[in-house]
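Hi,

Here is the structure I promised to pass on.

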Amino acid sequence: MAKKKQNNAIICFVALGCPKNIVDSEKMLAEIAQAGFLIAAEPENADVVVINTCGFIAPAKDEALEAIKHAVHCKLNGAVKKVIVAGCLSERLGRQLFDQADGIDAVVGLGQRDNIARIIKKTILSKQPATFLAQSPHKISDDRDRLLIGPRHRAYLRISEGCNHKCSFCTIPAIRGSFRSKPEELVLAEAAELVSAGAIELNIIAQDTTHYGRDLKIKNGLCKLLQTLEQINRLKWIRLMYLCPAGIDEKLIETIATSEKIVHYLDIPIQHVNSKILRAMRRTDTKDQLQQLIEKLRSAIPDCLLRTTVIVGFPSETDRQFDELLDFIEWVEFDALGCFKFYPESGTGAAEMSAQVPEEVKQQRLDELMLTQQKIAFAKNKKRIGGKLTCLVDSVDDEGIGRGRFYGQAPDIDSICIIQNCSAKSGHFIDAKVVGTKDYDLLVRQMES
Ligand code: SF4
């Protein structure tokens with residue numbers, strides 16, 4: 001009787017962070033649903049709130065603390081009984097998280113992800129706050145059997161965990177451990193499962209996808225994996241995210257160029273281009289190498305669209321070094337770009353460096369860089385007006401306005417296509433004509449088939 005009452009508890013799950021964390025959230029959601037718990041969208045309607053946090057830079061931590069504060073507020077109002085915090089921030093701070101936010105009932109580390117249902121039951125019965133941190137949190141997880149947060153026709157396929165690069169600004173290796181490839185048979189089984197559940201787009205993710213297989217001593221591991229994934233019949237789009245520039249070689253470029261399914265969109269975080277800054281970041285690339293890579297990609301794959309991520313205000317970055325980055329951005333004309341201000345995260349080498357850049361200078365540089373990118377993106381969008389695209393429809397509202405993406409738009413992070421008069425259902429491809437732009441988005445009209 002008591003057991004039935006526990007499993008009747010209503011859980012609100014708050015999924016924060018990057019696609020890698022989304023995969024963990026989807027896995028936890030499946031565990032929660034399989035254990036017989038009900039799931040609510042809002043904390044106000046739940047007995048237990050589980051927050052899967054990100055914690056790699058200050059804004060992510062602030063977002064997590066805000067979500068915790070809101071859940072605790074609901075608890076004080078009597079709606080919520082327990083607040084459970086999981087994910088990267090829990091792994092990073094462990095027990096210290098109790099000091100950073102009042103009212104948390106359980107802190108759950110990454111290695112306890114698959115025990116979340118059991119932890120919820122325990123926490124409901126417990127009167128004391130508790131931590132659930134695994135002895136060895138850095139195993140390779142089985143991500144099959146997930147409850148997808150987004151539409152079923154697209155999914156993330158995580159092919160590895162952790163990172164070996166040790167960039168001086170990054171907390172990820174400390175949080176998620178060193179690089180471990182997921183065994184190929186597990187990746188393929190997961191891909192097959194996602195496709196048979198309706199996925200036609202798989203977005204390949206890792207901390208560095210180019211590194212796939214190296215720890216398993218597999219030569220050209222990513223290329224081999226991609227060639228096998230391509231054989232999956234109903235799969236239409238394979239998208240590569242998080243490609244470290246230094247890992248992109250001729251073989252990978254050729255694999256992408258000749259593939260019928262790997263979309264010609266590459267996400268290549270460069271972080272900076274000034275050689276001194278790159279060295280201080282402990283990145284192995286040089287500006288010349290980055291430049292040559294872009295030229296090589298554009299010559300081998302002429303319709304290749306590029307996304308990158310950069311950091312401004314890294315310690316000792318001068319105006320001149322920032323201008324060098326800005327010039328490079330203007331030269332490449334990336335199709336999409338994410339820019340972060342440098343955050344001195346505790347435990348990283350860069351946090352200890354002298355010559356930290358003042359906050360207002362970082363903000364100025366961020367604003368200037370994003371304005372430059374905006375001009376590039378808007379001009380590129382304008383050039384598309386009158387052209388035709390193939391769009392994957394993600395959703396359609398009651399008025400027939402669809403939201404979709406062409407191959408140059410990754411889910412969740414990029415702009416979208418707003419589809420007027422959309423008669424296709426979500427998960428279908430349509431031919432569309434670009435008729436205008438709305439900020440970063442494209443306005444398109446479905447063409448008669
Ligand atoms: S490549 Fe560098 S920035 Fe990316 S996760 Fe690894 S250490 Fe962090």
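The 6 strands of the open sheet come in the order S7-S10-S11-S12-S13-S14, and the pairing is parallel. At the edges you'll find S7 (154–158) and S14, each of which pairs on one side only. Going from one strand to the next, the twist averages 20 degrees. Do keep in mind that this is a predicted model.

Helix H2 (residues 19–34) packs on that sheet and touches S7 and S10. Its direction makes about 100 degrees with that of S7.

Further along the sheet, S10 (residues 201–205) runs parallel to S11 (residues 237–240), and 4 bridges join the two.

Now for the S14 end. S13 (residues 305–312) pairs with S14 (residues 336–341) over 6 bridges, again in the parallel sense. Ile311 stands opposite Phe340 in S14. How does the chain get from S13 to S14? It crosses through helix H13 (residues 319–332), and this β-α-β crossover is right-handed.

Then there's the ligand. Which residues are around it? Cysteines first: Cys163, Cys167, Cys170 and Cys244 are among them. The list also includes His165, Lys166, Ile172 and Pro173, along with Gln207 and Asp208. Sorted by class, this shell has 6 nonpolar residues, 2 polar and 2 charged.

Cheers

Terms used. Residues numbered from 1 in each chain as written. Predicted model: local features only at pLDDT ≥ 70, side-chain atom pairs only at ≥ 80, totals over all residues. Near = placed C-beta within 6 Å. Nonpolar A, V, L, I, M, F, W, Y, C, P; charged D, E, K, R; others polar. Pairing = 2+ DSSP bridges. Right-handed = clockwise from strand over helix to strand, strands pointing away. Axes fitted to C-alpha atoms, helices over the stretch in contact; angles between N-to-C directions. Contact = placed C-beta atoms within 7 Å.
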